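Subject: Handing over a structure

Dear colleague,

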Amino acid sequence: MSVNEQFQPTIVAFCCNWCSYAGADLSGTNRLQYPANVKIIRIPCSCRLNPMFILRAFQRGADGVILCGCHPGDCHYTTGNYYARRRMTLLFSMLDFMGIERGRTRVEWVSAAEGAKFAATMNEFVETITKLGPNRRLEDLRCSKE
Amino acid sequence: MQQRVKEKALELLRNGTVDRVIGWKTGEFFYDLTPAVFETAEEIEKDFVFSGFSGANLSKYAIAQSRAAGKTAIFLKPCDSYSFQQLLKEHRILRENIYIVGIACEGMLDMEKIRAAGCEGVVSVKENGEELIVETLYGDRTLSRKDCLLERCAVCKSKKVVIFDEMLGEQGDEQETARFDRVAELEAMTPEERFAFWRGELSRCIRCNACRNVCPACSCEKCVFDNDKSGVRNKAAADPFEENLFHIIRAFHVAGRCTDCGECSRVCPQNIPLHLLNRKFIKDINELYGTYQAGADMETKSPLTDFTTDDCEPSIVHERGGVK
Amino acid sequence: MRQDPLIPMLGEVTMIRTDTPDVKTFRVVGIDGKKPFEHIPGQCAMLSIPGVGEALFSITSSPTEPDYVDFSIKKCGCVTTWLHSMDVGQQVTIRGPYGNGFPVDTELAGKDLLFIAGGIGLAPLHSVINYCRHYRDRYGKIDIVYGSRSKDDLVDYPEIIDEWCKEDGINVHLTIDNPQEGWDGHVGFVPNFVKELAFDTSKTVLMCGPPIMIKFTLAGLQELGFDKSQVYTTFELKMKCALGKCGRCNIGDKYVCKDGPVFRLDEMDELPDEY
Amino acid sequence: MKKIARSELNALFAAIAEQKQLFIPADNTAGQAEFILWKDGVALTEKLNTTRSAKDLFFPQVENLVNFKVSDKKMEIIENRDPAAPFVVFGVRACDCRSFDILDSVFLSEPVDTFYKARRENGIIVTLGCTKPAETCFCGAFGIDAANPAGDVTCWLDGETLYWKSNTDKGKALTAALSVLTDCDENAVVAIQENTRKILEKLPLNNLDLSGFESDKLMELFNNPAWTELSESCLGCGTCTFVCPTCQCYDVQDFDNGREVRRFRCWDSCMYSDFTMMAHGTNRPTQKERFRQRFMHKLVYYPSNNNGVFGCVGCGRCLQKCPIHMNIVKVAKKLKEVAK
């Protein structure tokens, strides 16, 4: 990659079906801009996010992974995001413990009405990851594009 | 104590309290004891051993044996009893079929450490108070017992047998230990240093699955890593990523359930300090959600199947102290 | 030229025929359009779809077919399910042939042959049957006992009716497990059927089917006075290399991929019962 | 015979490394010995043997076989094997050296495994006579002389000197290129050998009796009632298999990275529950059958096909590494005891 050619990160955003996915939708209908680097994967609830999904995303070329769910207290299934919160806290802590750069993973609560927050979060996250550079510590060399 | 344990095993079989006993069986040498199921008094007289090398945690064997006809006796050291109670809590053991004999424990010895101290061709080890007299083909050596303990025993968290029908020796207590010191040391490093540390350790992994198969918390009938359809099945660590994936996910799957029995590190043929991953989770859970010891009781909810509405946000990981 | 026996060559599927609800027959040729290799009846080959897996299949077509090899494959696992979902023109990888095959030119020559097959077990025997039909004068009388769960599960039914049944010196005995509308043939399990037919013991038996069928049919044959040394069977185990190296098809001191898959039953008596 | 002062070992290693890649047994960060690519500063271990065996260098745990590019109905086969680089492995013990005979009989028999063959042809094995065998050693039971190992070159080491004797053409060619070695008398190593043999006699397992595993007893051994008890506590891990110098079973798997499929082979273990698992089930449903397979293969099946040579070399790794301390010695002894 030449110096002029700016690094374009790949971001995987796991979005809860009930709030954040709708929030993403809203940001689209409102024509709010966020980078095309963000690939959204819809999940039924933030607590559906198996830690394995995050690692697999990194394996297959993601440079940053973000989970978006309903605000605590607003979960469609009442408590799913509370469990997700604990799991993600521990997982992120473990990734940090293994020496993976802080900031490559993130959780943000985005409601269906917060289209603007969704776009702003994505813009900010892409910026953070662009600064961090490509994911090297959790990449699978067999998947790298050479 | 060694004699008392054996006599107890004999007694329980002879008086009909149990139909079989899970214990440790003598080997070719003094240190290579095998977990075994004894069904007759003759077998016990001949082969049953309890010694400083009875490190193996027998609790996992209770899963299968509690489903055999009749009653089974099991000997549990304090740390083993946490594993046992945790399995019980997860409904993996049929309690009514098991008779538990708790054993007070002075710490178990690690043959690897004795070898690493430069003892080759070891013929016998005699315990003499705080000293070990090691007889080898190349002369005798004296080592400090303290230096030859299994890692988990050197930082023993509890001398308390948390579940038993009968106790041999003095019941002990939970104790303050330095078991999180190494985790804290790593936390104080830079991410680059931590990454280099774990790469160095995990790159030695040969994916023999000994850590998983010995782990009392890993009692799934079919592991996700053996399941063809899981998409993550990997038999060999064909890439550094797979080494990370396996060990992160394995630690995560037992988080909140791992009692820190230390078997994973004891059995690792490559001497990878796998217990550090589990302890990291335990330390985090203690710090973020309140002190929790898996297997300590039957009632407390595991931190990962529980929550409070004012739990910390995941971003705490990125905000709290330590080098960024 | 392939550098290593583990490295396959490319083949193309030129015909797919649906035989039964869960069995399809696939015709494979090399990408040059020619037959990928020459084989002996009873041998197998490794087919694979990269990314899905590689598995060993009996070659169903006779070596006398000059242009292609056929595989009749029952849908049961990952690879077979994928194969069942593909269309003509699909490329696959193929390597082989592997195994010993039936001793068609030696021990079987000149003999009266009795083929006994159950379900998809016809696949490996199909190759031998058509080989024997091609060289009809080299063999004596041919009897074929073939059973399946129902009429719909009889593999190669049209060929059996239109060709085998009409040929002189071949007696075909079909049976299905349960009565079915439109079926006026025999109903019952293969082992009993074999006993009812009371074949004379001068025949040499070639048998393939589910283990339970083999077990009871063998008992029936022995009741009729057959000796184990007159019975050949072929079986399958999990294989990865098919070269006698990867270790998983090892039974006793034999490797099924290399020393088998065809065994005479008296030879199998000397092997541990692990198949 | 040649020699070099022990203090000059580094110079010897440097001289070899100038010719070819050199692997020597050295201590890793975990304090275990393993074969490490030599560079200045890597020192020969004091330990008797490496945790993992020398087979790793010839039959690595994972190796790529071939790649495929798949697009729609078409596919392409891409052969991309590494051109094997010539290398020398120094410090192989007598037991591990014998293990190559066993691996050869599998991989070099028709059809030849060309991946293994290339490494065998490219590798020069420099063995090192044992001076401090451990209590777990039982190579003597297989007629292996730890004091006089085979290999392309055989070395002996005492407090002062490394002695060097080339055995094969490959070994002689290597020797000729090493001017740091000086000539010496053949008898120089006799004292070292005698000393080793004296210790070997004292080893508890050196005279392990392995009669009674002849192929005519195959069925009897297979049906021995002791298997249930022996396998009862087996965890079904692959430790014994992976540290074993003679275990050679492998699996072939595909990895699809979205652009191409990599077909690789990796070590496998008959102790694993999926080893013989097929779509319709497995023929070894419990750990007893899997456990039995491993030991029957080493003690009976392999010898039956190879003139009575056992599929074990007595290196003692499984004795040290099995999490529950079950091993081939215990199995062999128990089977004989029960058979009586």
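Predicted model: local features only at pLDDT ≥ 70, side-chain atom pairs only at ≥ 80, totals over all residues.

Among the five pairs of chains that touch, chains B and D have the most contacts, whereas chain A and chain C do not touch, their nearest C-alpha atoms being 14 Å apart. Where chains B and D meet, 42 residues of chain D are in contact with 34 residues of chain B. Several elements of chain D each supply at least two residues to that side, including helix 5 (190–202), strand 11 (250–256), strand 12 (261–267) and helix 11 (328–339). By type, the residues on this side of chain D divide into 20 nonpolar, 13 polar and nine charged.

Chain B itself has 13 helices and eight strands. Its radius of gyration is 21 Å, close to the 20 Å that the globule rule gives for 324 residues, so chain B is as compact as a globular protein of that length. Of those 324 residues, 48% are buried.

As for the cores, the largest nonpolar one holds 308 residues, of which A:M94 and C:F115 touch the most other members, and helix 3 (residues 80–97) of chain A gives the most to this core, with eight residues. A second, separate core of six residues includes D:F59, D:F107, D:F115 and D:Y116.

With kind regards

Definitions and conventions
Residues numbered from 1 in each chain as written. Chains lettered and ligands numbered in written order. Core = buried A, V, L, I, M, F, W, Y, C linked by C-beta atoms within 7 Å. Buried ≥ 20, exposed ≤ 12 C-beta atoms within 10 Å, placed from the backbone. Helix = DSSP H or I, 4+ residues; strand = E, 2+ residues; numbered from the N terminus. Contact = placed C-beta atoms within 7 Å. Nonpolar A, V, L, I, M, F, W, Y, C, P; charged D, E, K, R; others polar. Rg over C-alpha atoms; globule rule 2.2 N^0.38 Å.
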